[in-house]
Amino acid sequence: MPRSQTSEAAKRGRPGYDQQSVLSVAVEVFNKHGYEATSMGILAENLGISKSAIYHHVPSKGDLLRLALDEALGSLEAVLEEPGASSGRADARLEYVLRSTVRVLTEKLPYVTLLLRLRGNTEIERSALERRRAFDHRVAELVDAARSEGSLRSDIDPRTTTRLLFGTINSIVEWYKPGGPLTAEKLADDLLSMLFDGLHLPAAARILA
């Protein structure tokens, strides 16, 4: 077949899709059905293309999972390399990392949702979970440093603090709706106010009330 005809046939086999758009749909399907329960046939049905057309973009379902997890983890790991996460007082760095983590969660919501639902049944999943644990450990070190410098309470076990921080932030993927009345910026403001200041009104505000 002449090269021009081969190129034209390839275009017909994958109309309107590139790797990123295939990945985006795949992540939605993985989150809906579960990664293990999703076959290439189900993906092809949701994409409206043939299974062979998917293979023009990725070698396997596992490669789609790996790309999706890299999208989430790469964004989270990049936060730790930003100046706000690496210089200044530990409590300020912790606040920066938590605020930026909320931003990543809201911007990459489907990808982070997939990451947080991993079971570790494949090598790709286990590798991603190890990277996630490394990220969590870096944040835990910031919590410990903030306690040592006297800017966070020392009467609460740092492991408890870290688990509650992650539990609160990770819950965002279960209920947050992008494009709704609650913006990502307001969400981060509210979450950090609650985490660092608590829910009680300041004493002066209570007196005025």
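**View 1. The salt bridge between E71 and K108 in a predicted model.** E71 counts as partly exposed, because its relative accessibility is 22%. The model shown here and in the views that follow is predicted. E71 forms a salt bridge with K108, and the closest N and O atoms of the two are 2.7 Å apart.

**View 2. The whole protein chain, for orientation.** The secondary structure of the protein chain comes to 13 helices and 0 strands. Read from the N terminus on, the elements run α-α-α-α-α-α-α-α-α-α-α-α-α. The protein chain has 209 residues, of which 35% count as buried. Among contacts with a separation of 6 or more in the protein chain, 65% are between residues 24 or more positions apart. A search of the whole structure finds 17 salt bridges.

**View 3. The packing of helix 2 against helix 3.** Helix 2 covers residues 19-33 and helix 3 covers residues 40-47. Their axes come within 10 Å and cross at roughly 120°. This angle makes helix 2 oblique to helix 3. The crossing of helix 2 and helix 3 is right-handed. On the helix 2 side, the residues that meet helix 3 are V22, V25, A26, V29, F30 and H33. On the helix 3 side, I42, L43, N46 and L47 take part. Sorted by class, this contact has 8 nonpolar, 2 polar and no charged residues.

**View 4. The packing of helix 9 against helix 10.** Helix 9 (residues 123-148) packs with helix 10 (residues 158-170) at an angle of about 125°. The axes of helix 9 and helix 10 are 10 Å apart. The two helices are therefore oblique to each other, and their crossing is right-handed. Helix 9 brings R132, F135, D136, V139, A140, V143, D144 and R147 to the contact. Helix 10 meets these residues with P158, T161, T162, L165, F166 and N170. By class, the contact has 7 nonpolar, 3 polar and 4 charged residues.

**View 5. The salt bridge between R147 and D144 in helix 9.** Both residues also belong to the contact of helix 9 with helix 10. The side chains of R147 and D144 meet in a salt bridge, at 3.8 Å from N to O. R147 and D144 are separated by about one helical turn, because they are 3 residues apart in helix 9. D144 has a relative accessibility of 36%, so this residue counts as partly exposed.

**View 6. The salt bridge between R159 and D157.** The closest N and O atoms of R159 and D157 are 2.9 Å apart. R159 counts as exposed, because its relative accessibility is 55%. D157 has a relative accessible area of 30% and is therefore partly exposed.

Conventions. Residues are numbered from 1 along each chain as its sequence is written. This is a predicted model: local features need pLDDT of at least 70, side-chain atom pairs count only at pLDDT 80 or more; totals for chains, interfaces and linings use all residues. Side-chain values use heavy atoms; hydrogens and water are left out. Axes are lines fitted to C-alpha atoms, for helices over the stretch in contact, and angles run from 0 to 180 degrees between N-to-C directions. Helices (H or I, at least four residues) and strands (E, at least two) are DSSP runs, numbered from the N terminus. Angles under 35 degrees count as roughly parallel, over 145 as roughly antiparallel, 65 to 115 as roughly perpendicular and the rest as oblique. A crossing is left-handed if the near helix is turned anticlockwise from the far one by less than a right angle, and right-handed if clockwise. Contact means heavy atoms within 4.5 Å. Ala, Val, Leu, Ile, Met, Phe, Trp, Tyr, Cys and Pro count as nonpolar, Asp, Glu, Lys and Arg as charged, and the others, Gly among them, as polar. A salt bridge is a side-chain nitrogen of Lys or Arg within 4 Å of a carboxyl oxygen of Asp or Glu. Buried means under 20% relative accessible area, exposed over 50%, partly exposed in between (1.4 Å probe, protein chains only).
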